[in-house]
Amino acid sequence: MDHPENDSSYKGLQVNSGVTSQPITNPYRNARRARRPQLTASEYVEGILKGNVSILGQAVTLVESTAEHHQALAQEVIEKCLPYSGKSRRIGITGVPGAGKSTSIDVFGLHVIGKGGKLAVLAIDPSSERTQGSILGDKTRMEKLSQQPEAFIRPSPSAGSLGGVARKTRETIVLCEAAGYDNIFVETVGVGQSETAVHSMVDFFLLIQLAGTGDELQGIKRGIMEMADGIVINKADGDNIERANLAAAQFRNALMLFPPTPSKWRPEVITYSGYYELNIDKVWDMIDRYFEYAKQTGYFEKKRNEQAKYWMIETINEQLRNNFYRMPEIRALLEQKEMRVLNNEQSSFTAAQDVLNRYFQLLRN
């Protein structure tokens, strides 16, 4: 299209012709993006041992994958990393939602790094029951720690399968230790069975509690208290200091009524403030005392050995369960038996026994 303004009589004025009509869709949308070449097991191990964070992250993704070929490669990487693992201090951190776990890990982590250590934080994020999605926002809540090159933060979705995530978290611990991280924090989702799973893979189990919520005794649950190696009362600052001290006294009294722990260690109760970074050194001194005690008494090595046996059995159970449900004939038989049970034609117990008998028959054949 010609513009009269472009005539030579109009000095200093020019109108561009514009651009041609563009397609409504991206012309490059069908162009295949170049895929990153798959590393070999030896390349993964070499990168991990050199402390390459990018390769470590890729290896963790491999461990978390449900694809069979990824799992085979991941297990090979883990096997080769095992001789370089086991030299870290594994610390589980739990507490009800809102207790300040992420804020506490942020300041605890800075304390560890300040003493010359390297830290890996493995956080299990709760997933939606409906969509199976997770926010995975731990890095945003650990603002200071996430900026430290000595820290590796990896959130993992629970995705409704806590047992599987726990096993993969344990395998991730091996990779992080091989990469040179001498302190491993494992943060639980703070609900249900997650504490038991995390307790079975750490050396020290830290329980974070709150004061001033109106029901301090509600936090004194026998199961979680018996697992705790140390209890800390968070947000002990300002007007809440007196309530925090009162809550600490209540927890100490409750611990006196419990039988001795397997390690014979008497859990300590300490008040602190994660937000204002008060008494962080006291919390860490308690953890130092525990590790010194556990290694002197031989309990440290004993517990590690028991955990290794526990996860061997758990892996067998998981593999058997997966093998059972992946069999096409078993899945078809299950659907038939479910209909019979729902129609009151057969009891749940005899239906289950029929399915199991067929499974064992298939294995024999």
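Author: Leaving aside neighbours within four places in sequence, V45 is in contact with V77, K80 and C81, where contact means heavy atoms within 4.5 Å. This is a predicted model, in which local features need pLDDT of at least 70 and side-chain atom pairs count only at pLDDT 80 or more, while totals for chains, interfaces and linings use all residues. Residues are numbered from 1 along each chain as its sequence is written, and side-chain values use heavy atoms, with hydrogens and water left out.

Reader: Where is V45 found, and why does V45 count as buried?

Author: V45 is found in helix α1, residues 41–49; helices (H or I, at least four residues) and strands (E, at least two) are DSSP runs, numbered from the N terminus. Buried means under 20% relative accessible area, exposed over 50%, and partly exposed in between, with a 1.4 Å probe and protein chains only. V45 has 9% relative accessibility and therefore counts as buried. As for its contact V77, V45 and V77 are 32 residues apart in sequence and 6.2 Å apart in space, C-alpha to C-alpha.

Reader: Why does Q71 count as buried, and with which residues is Q71 in contact?

Author: Q71, found in helix α3 (residues 68–81), has 16% relative accessibility and so counts as buried. Beyond its neighbours within four places in sequence, Q71 is in contact with L62, V63, S65, R167 and K168.

Reader: What makes a group of residues a nonpolar core, and which residues touch the most other members of the largest one?

Author: A nonpolar core is a set of buried Ala, Val, Leu, Ile, Met, Phe, Trp, Tyr and Cys residues joined through side-chain atoms within 4.5 Å. The largest has 52 residues, of which I48, L56, L175, M225, I231 and I233 touch the most other members. Apart from that core lies another, of 33 residues, among them V112, L119, Y272 and Y299.

Reader: What makes R304 and D203 a salt bridge?

Author: A salt bridge is a side-chain nitrogen of Lys or Arg within 4 Å of a carboxyl oxygen of Asp or Glu. The closest N and O atoms of R304 and D203 are 2.8 Å apart, so the pair meets that definition. The pair links distant parts of the chain, 101 residues apart, with R304 in helix α11 (residues 299–326) and D203 in the loop between α7 (194–199) and β5 (204–210). Both R304 and D203 are buried. A search of the whole structure finds twelve salt bridges, and R89, K115 and D288 are linked in a network of them.

Reader: Which parts does the salt bridge of R358 with E329 tie together, and why do R358 and E329 count as partly exposed?

Author: The closest N and O atoms of R358 and E329 are 2.4 Å apart. R358 lies in helix α13 (residues 348–364) and E329 in helix α12 (residues 328–342), so the pair ties together parts that are 29 residues apart in sequence. R358 counts as partly exposed because its relative accessibility is 24%, and E329 counts as partly exposed because its value is 37%.

Reader: Are D354 and K337 buried or partly exposed?

Author: D354, with a relative accessible area of 31%, is partly exposed, whereas K337, at 14% relative accessibility, counts as buried. D354 forms a salt bridge with K337, the closest N and O atoms being 2.9 Å apart. D354 lies in helix α13 and K337 in helix α12, so this pair ties together parts that are 17 residues apart in sequence.

Reader: Why is strand β4 described as largely enclosed?

Author: Five of the five residues of β4 (residues 183–187) are buried, so the strand is largely enclosed by the rest of the structure. Two strands pair if DSSP finds at least two bridges between them. Five bridges join strand β1 (residues 89–95) to β4, and the two run parallel; in β4, the bridge partner of I91 is F185.

Reader: How do you know where the predictor's confidence is under 50?

Author: The score is pLDDT, the predictor's confidence in each residue, from 0 to 100. pLDDT stays under 50 over residues 127–137. The mean pLDDT of the protein is 85, and 81% of its residues reach 70 or more.
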